[in-house]
Amino acid sequence: DDAAATSTSVQLALDKSSQRIITHMNADHGDSIKAYLRHYAGLDTAAGGELTAISVEGMTIKATLQCGRTVAGVFVPYASGTLKSAGAIRPVVMAMHKEAYGKLGVAYRLQNGYYTAGHVFGALKKSRTAQVGITATVVVAAYGVNRYLRK
């Protein structure tokens, strides 16, 4: 069957870079792994996780819960289905990161460091409303400080 042969060849190609991908994800993208656990695996109390394996079907993660308990072998399938090529893993997991954070909501994003200074300043550059709001806040704060210092 052609689909099985393709899946096998993609898995073999993925196996060649899997350790590098796993090491990179665990070292640099723990926030994404946690978001995958919370959104895709439904583990609302996930405090973090360690990617342990990747396949053409999805990722296997060892989850650490807020209570300190670990859950090994949590399988998170790729949202887009089976990988068609080994190179497809990066855009797939990036899209999953974005979807998970979007679904988990603003409060989750704020609490988990999703927004960086770059996000904030980028939004300010684009939003006239935000610029006016910040300016008004600064003016009110300066007025309050000035009144306080004059006492």
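Here is a friendly conversation about a predicted model of a protein.

Biologist: Let's begin with the overall layout: how many helices and strands does the protein have?
Modeller: Happy to start there, and bear in mind that this model is predicted. Along the sequence the elements follow the pattern α-α-β-β-β-α-α-α-α. The secondary structure therefore comes to six helices and three strands.

Biologist: Turning to α1 and α2, are they roughly parallel or roughly perpendicular to each other?
Modeller: The axes of α1 and α2 come within 5 Å and cross at roughly 90°. Angles of 65 to 115 degrees count as roughly perpendicular. So α1 and α2 are roughly perpendicular.

Biologist: Which residues of α2 meet α1, and what is the make-up of that contact?
Modeller: On the α1 side, the residues are Met25, Asn26 and Asp28, and they meet Gly30, Asp31, Ile33 and Tyr36 in α2. By type, the residues of this contact divide into three nonpolar, two polar and two charged.

Biologist: Now for α3: what span does it reach from its first C-alpha to its last?
Modeller: Helix α3 covers residues 89-104, which is 16 residues. At 1.5 Å a residue the expected span is 22 Å, and the helix comes close to that, reaching 22 Å.

Biologist: Within what arc do the buried residues of α3 fall?
Modeller: The buried residues are Ile89, Val92, Val93, Met96, His97, Ala100 and Tyr101. Seen down the axis of α3, they line one face of the helix, because they fall within an arc of 160°.

Biologist: Which elements do those buried residues of α3 pack against, and which residue follows the helix?
Modeller: The packing partners are the helices α1, α2 and α4 and the strands β1, β2 and β3. After α3 comes a residue whose phi is positive, near 95°, and that residue is glycine 105.

Biologist: Is glycine 58 buried or exposed?
Modeller: Glycine 58 is found in strand β2. Leaving aside neighbours within four places in sequence, glycine 58 is in contact with Ala53, Phe75, Val76, Pro77 and Tyr78. Its relative accessible area is 0%, so glycine 58 is buried.

Biologist: How far apart in space are glycine 58 and alanine 79?
Modeller: Alanine 79 lies in the loop between β3 and α3. Along the chain, glycine 58 and alanine 79 are 21 residues apart. From C-alpha to C-alpha, their separation in space is 8.6 Å.

Biologist: Which residues does alanine 79 touch, not counting those up to four places away in sequence?
Modeller: Glutamate 57 is 22 residues away along the chain, and its C-alpha is separated from that of alanine 79 by 9.6 Å. Contact needs heavy atoms within 4.5 Å. The residues that alanine 79 touches are Tyr40 and Met96.

Technical notes. Residues numbered from 1 in each chain as written. Predicted model: local features only at pLDDT ≥ 70, side-chain atom pairs only at ≥ 80, totals over all residues. Heavy atoms only, no water. Helix = DSSP H or I, 4+ residues; strand = E, 2+ residues; numbered from the N terminus. Expected span 1.5 Å × (residues − 1). Buried < 20%, exposed > 50% of the residue type's maximum accessible area, 1.4 Å probe, protein only. Arc of directions from axis to C-beta. Axes fitted to C-alpha atoms, helices over the stretch in contact; angles between N-to-C directions. Parallel < 35°, antiparallel > 145°, perpendicular 65-115°, else oblique. Nonpolar A, V, L, I, M, F, W, Y, C, P; charged D, E, K, R; others polar.
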